Amino acid sequence: MTNHWIDLKNADVILIMGANPAENHPLSFRWIMKAKDAGAKVICVDPRFTRSAAKSDLYAALRSGTDIAFLGGMINYIIQNKAYFEEYVKQYTNASYLVNGDFKMPGELAGLFSGYDPQKRSYDPKAWSFQKGADDSVRKDMTLLDPNCVFQLLKKHYSRYTPELVSRITGTPKEKLLEIYKLYASTGAPDKAGTSMYAMGWTQHTVGTQNIRTMSIIQLLLGNMGVAGGGVNALRGESNVQGSTDQGLLFHILPGYLPVPSADLKDLAAYNEKYTPKSKDPQSANWWQNRPKYIASYLKAIYGAKATKENDYGYAWLPKLDPGMNCSWLMIFDNMIKGKFKGFFAWGQNPACSGTNSNKVRNALAKLDWMVTVNIFDNETASFWKGPGMNPADVKTEVFLLPAAASFEKEGSISNSGRWAQWRYAAVKPLGSSKPDAEIIHELYQKLKSLYTKEGGALPEQLLNLTWNYGFKHADGSIHSVDPHLVAKEINGYFLEDVPDKKAPASMPPKMLGKKGELVGGFALLQADGSTSCGNWIYSQSYNEKGNMMARRGKKDPTGLGMFPEWSWCWPVNRRIIYNRASCDLDGKPFNQKKAVVYWNPAAVQPTGALGAWVGDVPDGPWPPMSDPKDGKKPFIMRADGVAAIFGPGMKEGPFPEHYEPLECPLAENMLSKQLNNPTIKLFKEADVKEDMVASCDPRFPYVASTYRVTEHWQTGVMTRNTPWLLELQPRLFVELSPELAKEKGIKSGDMVEVSSIRGSVEAAAMVTQRFKPFTIGDQVVHEVGMPYCYGWHTPNVGDSVNLLTPTVGDANTMIPETKAFMVGIKRKG
Amino acid sequence: MATTPTPFNADKRKGFLVDTARCIGCRSCQVACKQWNKLHADKTTNKGTFENPRDLTPALYNRIHFVESTTSDGGMSWQFFNERCMHCGEAGCMKVCPSPGALTRTKDGIVVFNKEKCISCKYCVSACPFNIPRYDDDDKVSKCHLCIDRVSNGLTPACAKACPTEALKFGNRDTLIASAKAANKTLYGENDLQGLGVVYALEGPPDQYGLPNKPSIPFSIFLWKDVIKPLGILGFWGSIGAVLLHYVTIGPKQLEEEHPRSEEDHHE
């Protein structure tokens, strides 16, 4: 989230699209209801009438996988009706930038942008470059009238997304589209805010990243970024998935969103050269120019005294990716089924149910020599060898199931969607021999360390040089148990030497940023010379000399906006709404005086003696507003040029989002262009792996299907299926379908039916409901059905995972699987 | 009809305000109740609806009824309604209960039960205008007691504590009603049966949620309580009266089997 949960109450219009917060984030509705109490309107767009739809003021159904068409139509509406916030668009975005004159768009190139290479299925982004002036700065037209400026290109691109055509693609009636466009566009007024709540309903598509990009463009056009009640807000699917992503969960990022180095970056200088953006614009803070400080401090945190200036702080020991290598979820199981892995840790996960195309996943697990599963319950992954279609005698995989402690049995922080890191305490001791994950990792580390020490092995430094100062030590140096406070302090970072303040005037003794051994007070104090350590720069300040900021429970709310600055701690530097200086005009006056996140007080005196300061939330940097020609800075500080990018920040599919059909879809042609599917997705071939079958426009599988969660179960249901009270509420797999489709297929509510895709089938109870309605797509009627993915065979009589049906295909940028739109058939059992 | 004098201090009466417009159907209330009251899970079947269990059971004191309908403009409506003991000001169950102490009212106005005093007569079942009391495997009465163990210790009932949206608000009944009126809510149960302990802010007519438009205690109960029972003081007539009451309220004895032990017996 750019904003946070409580901030939902400040919105004037809430757009719930690609999410179902009433069911999957129930607590969010506490704040949505408060917004409604204050007069806010709630819009819900979903293929199915959900519990969120039930609480919205305006609901529209759209066919799964057509969000870009829907939102592209909204961009068109906003521009045609001049509903955009002009000052914001001009000053805080790249709308005025001029793009090179050769640049062509999908309207001219049959659904493609300039620079496409069909052999490589990728673009050369040089074709999307900006025009540069003599001093290498980007040429702009502040009138936004130049036909090559981003704004005019945006207008031209989305002029194709007429309400009529969007209606034919999405199946949403034109009147409903216009009603929603009008309501949401009303937040373009400077003192109005619209917020976007999205989740997997947007991400789990072959165009997932671009779905969110489209909304980002809308939010920028309407001036909804950085303001209270605005933002683009990802509703994370697990209580701590924000935290785990922050801490380097994904294959391509180190903690704090530092890229994992690739093997061609031979040394730290090469890494820093590649990943440290440069800007000559004096008004751009270009925050990532500090990257070298963060990577050096990270290396010092993990390798300690072993990391020296001479050995590049141990950069060589960091694991490297081959250039262009992708190790995301889909690739792991693709490689596994091809026999490329010996072992696998399934830690706190249940891929046999959660993994798209679960038959592929389950068959892949059978190719392993060994698998360790760490979980609080036995599940379909740990027991895959005795699951449906498996002959235990034929499975050679040796499986270990380690009992993990549940969240209530361990201490530590969790970071919620709003980036609030909140400290929690163990409520009870772990049951039986179950242990907190950190203890299990710790034992594993001790064992590996002793084996490497005794027996040697390939690249032992990676492991042997790690710092491991997490608790009380026995005489032999082994640690008694892991202390989560010491882990949190390592993440926050230490001064490893006395670090003088080089900017302070000379004095005796010299003014210090920090003394050796002290906890770092924030990432602005981190150094690139090895004098500081920091496990994750964005968490620097979270556990400092004043104590554990994450454990704070202060209830003051000075702005009245629900930011509660003394409740827990949020990254970065306790800033509750990021890009908050964009909520003010060039002089630092808030666009919405009643809901001012920050404002510039020119009379305030800073500790340094300087005049003028920001008041309110922690601002995006202390600099004066942009009207100060000398020190003023632009608000989007994480962008090298200081402005938000309406024209693409390096997406695979091009600089503007374009509608493409899901890989499996009911249409033979894309109504917008000749390009049916996303031209840059990786295609997994059935010829390589038989499970990678796809059936588009296949009469055997004529219905669009989507998967989702329900309030009553969580993820694949490992925890909730083992909680009888919850199984009582939702006892087995069901499929929701419209009365029209049910009639066609002779299905009655409560009947058992078989739902199949080309990859597999599941048995489900039919739930015939008017909450699904047939779509009119072009000139044909298209039915959609939906199923929850919270079941699995390991629980008796609940049905198996619907991911047996979903395809192996992912978004072009993230490779998140497309489980929200695929094709199935349905028939009554018996 | 004669009215029973209010046996509790109405100013101090506690209750719920159920605002259906705020309810998102998450059913935290259902689960929190089971957890606090240590009620076992019922085995259920998906019969084509989100709603499960399909009725209150001895182990389910409150539940959300899902009401799906189409609106006049062709749109959809999906409403969520919390069903439970209403803790009526004039409680049919208490009125009819022949066993002193089995059903009693606390000073807060909460109608509580004592299984040890219950004589399994099931009169309360017939006397309830809302079809709430259920009988457990030991044939003893079972229903929402508004977490009397929590309330008497200054805590909020488990269901309201768990409700994320304040759809289920617990507190002083007068205060809750005043706040709902200030918000222009249409109330159900403010005055019926001397005021329900559970007052609803509904978005539609009561029958849409399966509520009686004008709840009342069955005439037979009035007959028992206000006509036959006073006669019963004479002794002999009491037993005749009880037989009579059994016949008019419960009917011939096979009805006992009609009361479901589990939702399996219930179909839409």
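Figure 1. Thr44(B) sits in the loop of chain B that runs between helix H1 (28–36) and strand S2 (63–70). Arg54(B) comes 10 residues from Thr44(B) in sequence, and their C-alpha atoms are 8.5 Å apart in space.

**Figure 2. An open sheet of four strands in chain B has mixed pairing.** The strand order is S8-S1-S10-S9. Strand S8 (168–172) and strand S9 (187–188) of chain B are the edge strands, each pairing on one side only. Strands of a sheet pair through backbone hydrogen bonds, in a parallel or an antiparallel sense. Between strand S1 (residues 14–19) of chain B and S8(B) the sense is antiparallel, with five bridges. One of the residues to look for is Gly15(B), whose bridge partner in S8(B) is Gly171(B).

**Figure 3. Chain B as a whole contains nine helices and 10 strands.** The chain has 268 residues, of which 45% are buried. Of the contacts in chain B with a separation of 6 or more, 62% join residues 24 or more positions apart.

**Figure 4. Two stretches of chain B, residues 1–5 and residues 253–268, have pLDDT under 50.** The mean pLDDT of chain B is 86, and 80% of its residues reach 70 or more. For residues 1–5 of chain B, the model has five contacts beyond four places in sequence. For residues 253–268 of chain B, the corresponding number is 18 contacts. Where pLDDT is low, the predicted coordinates should not be read in detail.

**Figure 5. Chain A and chain B meet in a contact that takes 31 residues from chain A and 27 residues from chain B.** On the side of chain A that touches chain B, the elements giving two or more residues are helix H2 (28–37), helix H3 (51–54), helix H20 (724–729) and strand S27 (760–768) of chain A. H20(A) gives the most to this side, with six residues. By class, the side of chain A that touches chain B has 18 nonpolar, six polar and seven charged residues. For the complex, the predictor gives an ipTM of 0.94 and a pTM of 0.95.

**Figure 6. Strand S25 (residues 734–737) of chain A has buried residues pointing both ways.** Phe734(A) and Glu736(A) point one way, Val735(A) and Leu737(A) the other, and all are buried. S25(A) pairs with S27(A) in the parallel sense over four bridges. Within this pairing, Val735(A) stands opposite Ala766(A) in S27(A). S27(A) is also among the elements on the side of chain A that touches chain B.

**Figure 7. Helix H17 (residues 437–455) of chain A has a span that agrees with its number of residues.** At 1.5 Å a residue, its 19 residues should span 27 Å, and the end C-alpha atoms are 26 Å apart, which agrees. Gly456(A) follows H17(A) and has a positive phi, near 70 degrees.

**Figure 8. The domain assignment of chain A gives domain 1 (5–237), domain 2 (252–322 + 494–533), domain 3 (580–635) and domain 4 (703–828).** The C-alpha centres of domain 2 of chain A and domain 4 of chain A are 48 Å apart.

Methods:
Residues are numbered from 1 along each chain as its sequence is written. Chains are lettered from A and ligands numbered from 1 in the order in which they are written. This is a predicted model: local features need pLDDT of at least 70, side-chain atom pairs count only at pLDDT 80 or more; totals for chains, interfaces and linings use all residues. Two residues are in contact if their C-beta atoms, placed from the backbone, lie within 7 Å. Ala, Val, Leu, Ile, Met, Phe, Trp, Tyr, Cys and Pro count as nonpolar, Asp, Glu, Lys and Arg as charged, and the others, Gly among them, as polar. Domain bounds come from an automatic or database domain assignment. The expected span of a helix is 1.5 Å times one less than its number of residues. A residue is buried if 20 or more other C-beta atoms lie within 10 Å of its own, exposed if 12 or fewer, and partly exposed in between; C-beta atoms are placed from the backbone. Two strands pair if DSSP finds at least two bridges between them. pLDDT is the predictor's confidence in each residue, from 0 to 100.
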